[in-house]
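Come along and check each entry against the picture.

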Amino acid sequence: MSTTLPAKLTMNDAAAAAQAAAAAARASGQWAFDASAITRFDSAAIATLLELRRQADGKPFSVTGTPAAMKELAGLYGVAELLKL
């Protein structure tokens, strides 16, 4: 079961989103995230995914449903492969 990320993931939302997603992942034991609901984002979304990956601390980590523009942004930052996007 994956944790659904919020529709809006911008600088103003990133800290709360990361905290909520990490709490859900710890509770379920699954560091799997569904990004298909995301419709509005900025570079903070990439930072949020990186933070979640860091908190996974070596446990299996995945993100599905990533919008194409977010994948492109992660590629520009050179972290798409690290995030498995």
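The entries below go from the overall fold to single residues.

**Entry 1: the overall plan.** I noted at the start that this is a predicted model. I looked up the secondary structure and found three helices and five strands in the protein. Reading from the N terminus, I wrote their order as β-β-α-β-β-α-β-α.

**Entry 2: size and packing.** How does the radius of gyration of the protein fit a compact globule? A compact globule with 85 residues would have a value near 12 Å, and the protein has 11 Å, so the two agree. I also looked up the box that the C-alpha atoms fill, and along the principal axes it is roughly 30 × 25 × 20 Å. Of the 85 residues, 40% count as buried. Then I turned to contacts with a separation of 6 or more, and 76% of them join residues 24 or more positions apart.

**Entry 3: surface and charge.** The protein exposes about 4,800 Å², and carbon and sulfur atoms supply 54% of that area. I looked up the charges too: there are 8 positive and 7 negative ones, and their mean positions are 4 Å apart.

**Entry 4: the aromatic rings.** How many aromatic pairs does the structure hold? I found two. Trp31 and Phe33 make an edge-to-face pair, with 6.2 Å from centre to centre and 65° between the planes. Phe33 also pairs with Phe61: their ring centres are 5.8 Å apart and their planes meet at 50°, so I noted this pair as tilted. Phe33 sits in strand β3 (residues 31-34) and Phe61 in strand β5 (residues 61-64), so their pair ties together parts that are 28 residues apart in sequence.

**Entry 5: Ala32.** Next I picked Ala32, which has its place in strand β3. Its relative accessible area is 15%, so I put it down as buried, the cut-off being under 20%. Setting aside neighbours within four places in sequence, I listed its contacts as Met1, Ser2, Thr3 and Ser62. I looked up Thr64 as well: it is 32 residues from Ala32 in sequence, yet the C-alpha atoms are 7.8 Å apart in space.

**Entry 6: Arg26.** I found Arg26 in helix α1 (residues 14-28). With 52% relative accessibility, Arg26 counts as exposed. Which residues does Arg26 touch beyond its neighbours within four places in sequence? My list reads Trp31 and Gln55. Arg26 and Gln55 are 29 residues apart along the chain, and 9.3 Å separates their C-alpha atoms.

**Entry 7: two backbone angles.** Most residues other than glycine have a negative phi. Asp57 lies in the loop between α2 (43-56) and β5, and at 63% relative accessibility it counts as exposed. Lys84 went on the page too, with a positive phi near 60°. Lys84 belongs to the segment after α3 (68-76), and it is exposed, with a relative accessible area of 55%.

Key. Residues are numbered from 1 along each chain as its sequence is written. This is a predicted model: local features need pLDDT of at least 70, side-chain atom pairs count only at pLDDT 80 or more; totals for chains, interfaces and linings use all residues. Side-chain values use heavy atoms; hydrogens and water are left out. Rings of Phe, Tyr and Trp (its six-membered ring) pair if their centres lie within 6.5 Å; planes under 30 degrees apart count as stacked, over 60 as edge-to-face and the rest as tilted. Helices (H or I, at least four residues) and strands (E, at least two) are DSSP runs, numbered from the N terminus. The radius of gyration is taken over C-alpha atoms; the globule rule is 2.2 Å times the number of residues to the power 0.38. Buried means under 20% relative accessible area, exposed over 50%, partly exposed in between (1.4 Å probe, protein chains only). Contact means heavy atoms within 4.5 Å. Accessible areas come from the Shrake-Rupley method with a 1.4 Å probe; for residues, only the protein chains shown count as cover. Lys and Arg count as positive and Asp and Glu as negative; His and the chain ends are not counted. The place of a charge is taken as NZ of Lys, CZ of Arg, CG of Asp or CD of Glu.
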